[in-house]
Every structure is written in C-alpha cells, then in structure tokens.
Amino acid sequence: MNLKTRVMPSPGTTPENELFIAAAREGRFVLRWCDDCGKTHWHPRAMCPHCWSTRTQWKPASGRGTIYSYSTMQRVDPPYTLAYVTLDEGPTMMANLVGAASGAWRIGMKVQVQFEASDDGTPVPVFAPAS
Amino acid sequence: MSSRQAKACIVGAFEHPTRKAPDKTVAQLHAECAAGALADAGLSKNDIDAYFCSGDAPGMGPTSMIDYLNLKVRHTESTDLGGTSYISLVAHARDAIAAGRCHVALITLAGRPRSEGSSGTAPRTRAGTPEAPWEAPYGITTVNGYGMVAMRHMHEFGTTSEQLAWIKVAASHHAQHNPHAMLREVVTVQDVLDSPVISDPLHRLDCCVVSDGGGALIVTRPEIARSLKRPLVKVIGSGETVRGARAGEIDLTTTGAALSGAAAFAEAGVKPGDIQYASIYDSFTITVLLQIEDLGFCKKGEGGRFVADGNLISGVGRLPFNTDGGGLCNNHPANRGGITKVIEAVRQLRGEAHPAVQVKHCALALAQGTGGNLGSRHGSSTVILERE
C-alpha cells in the first residue's frame with residue numbers, strides 16, 4: 001500500500017451543510033429527513049428534493065452502507081478510490097473508500113462511515129470496510 | 001419518409017481542421033467556425049438573424065460573441081448541457097424558426113483545452129455548484145466518474161473490457177480515413193487492453209482525445225434551404241433531458257438518452273431499426289455503450305454483445321457510428337463533442353463522408369449526446385435528421 005495519504009480539499013461551509021459539519025466534529029453522521037413525505041435524501045438540502053417541503057430536519061444515521069460502485073485513480077500519486085455507497089437508510093452517496101488496498105474493493109461490500117480531516121480541518125465522511 | 005414535413009433544415013456545417021491552436025483566441029476560433037459554416041451554406045453574414053451558443057463561449061456568452069462577430073440578431077439563446085448542448089441547440093433553433101422568431105440561426109462551439117493543459121484526470125467539480133460541498137472533497141474527475149459507471153454496468157450485466165474495447169476499435173477503423181483525426185492508427189482489442197488503466201476499469205484507449213478546435217452549424221427555414229445548392233437535411237425529431245443523482249436514488253446504468261431518444265423517435269415517427277447512421281457521443285467507450293442501449297438499438301444490458309465484433313464499423317456492422325473517428329480518435333473540441341456529432345451526421349446524409357466510411361443511400365441519421373458526467377449529472381440530447 002502507498003503510505004502517502006491524499007488530503008481532501010475542504011467542502012467549505014454553507015448554510016445547508018454547517019449543522020452536518022458540526023455533528024461530524026462530534027463524530028456523528030446525520031441525514032436530512034422530511035417531516036411531510038417521511039423520506040430522506042442525499043446530498044442534504046434545506047428543502048426536501050422529493051416533495052419540496054421545507055419541513056426538514058437532521059436525524060442520526062447508522063453510518064452503515066454497501067458499495068454501489070467504485071473506481072480507483074491509478075496513475076495519480078497517491079491513488080485514491082471514488083465510490084458510491086448505498087446507506088442502510090436508503091440514499092446512495094458519493095464518498096471515498098479508505099482503509100484497504102485498492103484491489104480489495106468489491107461492489108456489494110459492507111462499509112462503515114468514518115470522518116477524515118480535509119485541508120482546513122473540516123471533517124468529511126469517508127467509508128472503510130465494516131468490521 | 002422523404003415527404004415528411006420539417007420546420008427547419010441544417011444547411012451549413014463546418015468542423016475546424018485544427019487540433020491545436022495555441023496562437024488563437026477562443027473567440028477567434030468561434031469566428032472561424034462561423035465563417036466556415038456560412039460558406040458551406042452559401043449564405044452571407046447579414047442573413048444571420050439568430051445566434052446560439054453554450055458554456056464554451058467566452059465572456060457573457062451570446063452578449064460577448066454577438067458583439068465580437070458583429071451580428072445583428074433578433075433571437076439568441078445559450079443553453080448549458082455540457083458537451084451535448086449543440087445537439088439541443090439544433091432543436092432549439094428549429095423551434096425558434098418555427099415560431100417565427102428568426103430565419104437563419106448560427107450555432108458555434110470552440111475551445112482550446114489541449115493548449116490550456118486540460119485533462120480528464122483533474123478534479124472537475126465547479127466551485128459554487130450546489131453539489132460542490134458534497135462531492136469536491138472526493139476528487140471526482142471526468143474519468144473516475146465514468147469509471148464508476150463502467151464498473152456498475154460490468155457488475156449488473158457482465159459487460160467486459162474486451163466488449164468496451166470494440167467501440168474504440170470501430171472508431172479507429174473510421175479515423176484512419178480522416179486526415180484531420182488526432183489518432184489515425186487502427187487499434188485492436190488487445191491494444192486497448194494493453195494500454196494503462198487510468199481509473200478502473202477504464203484504460204487510456206477507452207478515453208477520448210483532448211483537442212483544440214470547434215465547429216459551427218447553420219439552421220434555416222425549409223424555403224430558404226431549398227433556394228440553396230446543398231442537399232436538404234431536415235430536423236425531424238428531437239428530445240432532451242437532464243438526469244442526475246436523483247436525490248440519492250442513483251442508477252448509473254441508465255442515461256438521459258432513454259428519455260431524449262424516445263421523444264425524438266416519437267416525434268420523427270421512426271424506430272431505432274430505421275436509423276442508417278448514428279453519431280453517438282463518445283467521451284469514453286462506456287458512454288457509447290449506455291446510449292446505444294438507452295436509444296433502443298438493443299436491450300438494456302446487451303450493449304456489450306451489440307458493440308462487439310465490429311458491429312459499429314461502417315460497411316461491416318449493423319450500426320455504423322462516428323465515421324469521422326469520433327471523440328475517441330478524431331476530435332473533442334473544447335471537451336465538448338456535441339457539434340461534431342451533428343456535423344458528421346450531416347456529412348453522411350449529404351453523401352460527403354469519406355468514401356471508405358460513407359453509408360450507401362444514407363437518408364436517416366441520428367445524433368445523440370450526453371454532457372456533464374454520467375457518474376454524477378448529465379444532460380442528454382437527441383436529434384433525428386432526414387435527407388430529402
């Protein structure tokens with residue numbers, strides 16, 4: 001395994017992600033849910049993208065998911081793996097896969113969220129193999 | 001079919017011959033393309049009364065370019081669906097003509113990504129987009145987005161790298177006859193598989209070229225088209241849509257072509273089996289495979305078998321595609337391949353493609369594009385063109 005680690009650019013803070021980041025700083029992974037249609041979504045928005053209700057709120061999520069697809073950039077230094085992970089709560093989100101050699105990933109593998117610091121320290125969710 | 005009424009015709013088509021233009025401005029390249037299409041149509045500058053462009057146009061798009069070109073227009077529009085925009089703009093120009101807004105519409109594209117060092121392996125999330133905070137940290141580039149699409153298609157349907165490679169092989173068979181093509185060497189399936197993996201499962205030869213250049217089109221009323229000396233190419237069907245991450249309900253193996261294609265076929269009153277030539281956006285081999293399925297040339301999941309064994313090679317297979325060599329071998333100006341898709345379809349319908357790749361008696365053609373990234377969000381446009 002390449003020991004060099006890719007440092008992610010910061011997501012920046014916006015009115016739509018600041019509470020997500022605040023939760024992440026406490027190690028909590030949250031999802032935005034709609035009080036009207038009862039559904040959750042990704043990426044989080046103030047207004048529900050399913051029914052356009054503005055009655056949405058953050059709720060704790062399991063952080064567990066399954067790899068939907070992935071691709072490893074093999075000719076950059078260091079290589080890194082982009083993926084979509086389908087969360088146990090339903091939505092599929094973009095992320096990076098970490099904590100295993102690039103040849104180890106398979107679609108359908110169970111993964112668990114963890115947070116990594118981006119270049120300004122803002123935590124970003126990534127996924128590692130579920131223990 | 002030849003008696004079908006059309007609201008507009010494509011009478012001018014021009015592909016800039018350059019593939020590297022470090023000494024020209026982007027506006028200058030747009031202007032050279034405009035002049036080329038106008039000369040091809042046999043019209044003069046003052047006949048143009050509408051201008052259409054997209055995100056590659058410098059400055060304020062139409063406002064900057066109409067002034068630079070010194071045009072006097074009564075209709076203009078800029079639509080950004082990424083690289084497919086120009087296929088949509090053909091339909092938008094037709095609609096503006098049908099509504100009486102204009103008579104002669106100019107569409108231009110140009111850019112210099114090769115001179116400016118643009119690469120498909122550089123992160124491409126745009127700052128300020130609503131998705132940027134949720135995607136930019138992960139390093140989504142053009143190639144790893146499409147890599148995830150290919151990976152998922154292989155998982156669901158058993159598609160192989162060998163099958164994808166056949167798409168590049170077919171494009172290279174066509175490009176050998178195009179003196180302007182960047183890559184004219186005929187390649188084999190093994191050549192594609194032996195090229196380095198850029199982002200798995202995509203190899204270098206699964207990726208399109210990066211080229212400077214551009215193109216332009218002239219669309220006009222049928223009455224004006226008939227007064228000109230060029231073969232008539234009618235716009236008889238169109239469709240467009242945007243498909244994205246769908247709030248987390250992601251399905252990477254279906255593109256917007258399923259919707260835009262169905263709309264175009266319904267309007268034109270023809271079926272996939274009637275199409276004699278297809279230009280299909282080829283940013284990557286997987287891009288072609290998905291659109292072929294979604295347009296209905298074969299069933300979902302059977303694209304791998306459909307494209308194998310030379311089925312896309314003109315004179316050999318069932319569906320001759322991208323006979324100029326496409327983005328995979330010929331040209332991908334401004335990282336936006338939509339306009340060259342229309343241009344080669346026009347050449348085929350006029351009988352002006354290279355004799356080695358010209359489809360005999362070509363009367364019905366399709367141009368299909370996707371723009372943006374099939375791995376995140378993309379626009380899709382389809383036009384169906386008929387020779388009268």
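**Close-up views of a predicted two-chain model**

Figure 1. B:Asn335 sits in the loop between helix 12 (326–330) and helix 13 (338–350) of chain B. Its phi is near 60°, a positive value in a residue other than glycine. Most residues other than glycine have a negative phi.

**Figure 2. B:Asn70, an exposed loop residue of chain B.** B:Asn70 is not a glycine, yet its phi is positive, about 55°. The residue belongs to the loop between helix 2 and strand 3 of chain B. B:Asn70 is exposed, because it has 8 other C-beta atoms within 10 Å and the exposed class takes in residues with 12 or fewer.

**Figure 3. Strand 2 of chain B and its two partner strands.** Strand 2 (residues 50–53) of chain B is covered on both faces. B:Ala50 and B:Phe52 are buried on one side, and B:Tyr51 and B:Cys53 are buried on the other. Strand 2 of chain B pairs with strand 3 (residues 75–78) of chain B in the parallel sense, over 4 bridges. Within this pairing, B:Phe52 has B:Glu77 of strand 3 as its bridge partner. Between strand 2 and strand 3 of chain B the chain passes through helix 2 (residues 62–69), and this β-α-β crossover is right-handed. Strand 2 of chain B also pairs in the parallel sense with strand 4 (residues 104–111) of chain B, over 3 bridges. There, B:Tyr51 stands opposite B:Leu106 of strand 4.

**Figure 4. Helix 5 of chain B and the glycine that follows.** Helix 5 of chain B covers residues 142–157. At 1.5 Å a residue, its 16 residues should span 22 Å, and the end C-alpha atoms are 23 Å apart, which agrees. Of these 16 residues, 13 are buried, so helix 5 of chain B is largely enclosed by the rest of the structure. B:Gly158 follows the helix and has a positive phi, near 75°.

Figure 5. In chain A, the peptide bond from A:Asp77 to A:Pro78 is cis, with omega near -5°. A:Pro78 lies in the loop between strand 3 and strand 4 of chain A. In chain B, B:Asp200 and B:Pro201 are joined by a cis peptide bond with omega of about 10°. B:Pro201 is in the loop between strand 5 (197–199) and strand 6 (202–203) of chain B. Most peptide bonds are trans.

**Figure 6. The side of chain A that touches chain B.** Contacts between the chains involve 33 residues of chain A and 26 residues of chain B. On the chain A side, strand 3 (64–73), strand 4 (80–87) and strand 5 (92–97) are the elements that give two or more residues. Strand 3 of chain A gives the largest share, 6 residues. By class, this side of chain A has 18 nonpolar, 14 polar and 1 charged residues.

**Figure 7. Chain B as the setting for the close-ups.** Chain B has 13 helices and 11 strands. The radius of gyration of chain B is 19 Å, close to the 21 Å that the globule rule gives for 388 residues, so chain B is as compact as a globular protein of that length. Its C-alpha trace spans about 55 × 45 × 40 Å along the principal axes. Of the 388 residues in chain B, 63% are buried.

Conventions
Residues are numbered from 1 along each chain as its sequence is written. Chains are lettered from A and ligands numbered from 1 in the order in which they are written. This is a predicted model: local features need pLDDT of at least 70, side-chain atom pairs count only at pLDDT 80 or more; totals for chains, interfaces and linings use all residues. The expected span of a helix is 1.5 Å times one less than its number of residues. A residue is buried if 20 or more other C-beta atoms lie within 10 Å of its own, exposed if 12 or fewer, and partly exposed in between; C-beta atoms are placed from the backbone. Two strands pair if DSSP finds at least two bridges between them. A crossover is right-handed if, with the strands pointing away from the viewer, the path from the first strand over the helix to the second runs clockwise. Two residues are in contact if their C-beta atoms, placed from the backbone, lie within 7 Å. Ala, Val, Leu, Ile, Met, Phe, Trp, Tyr, Cys and Pro count as nonpolar, Asp, Glu, Lys and Arg as charged, and the others, Gly among them, as polar. The radius of gyration is taken over C-alpha atoms; the globule rule is 2.2 Å times the number of residues to the power 0.38.
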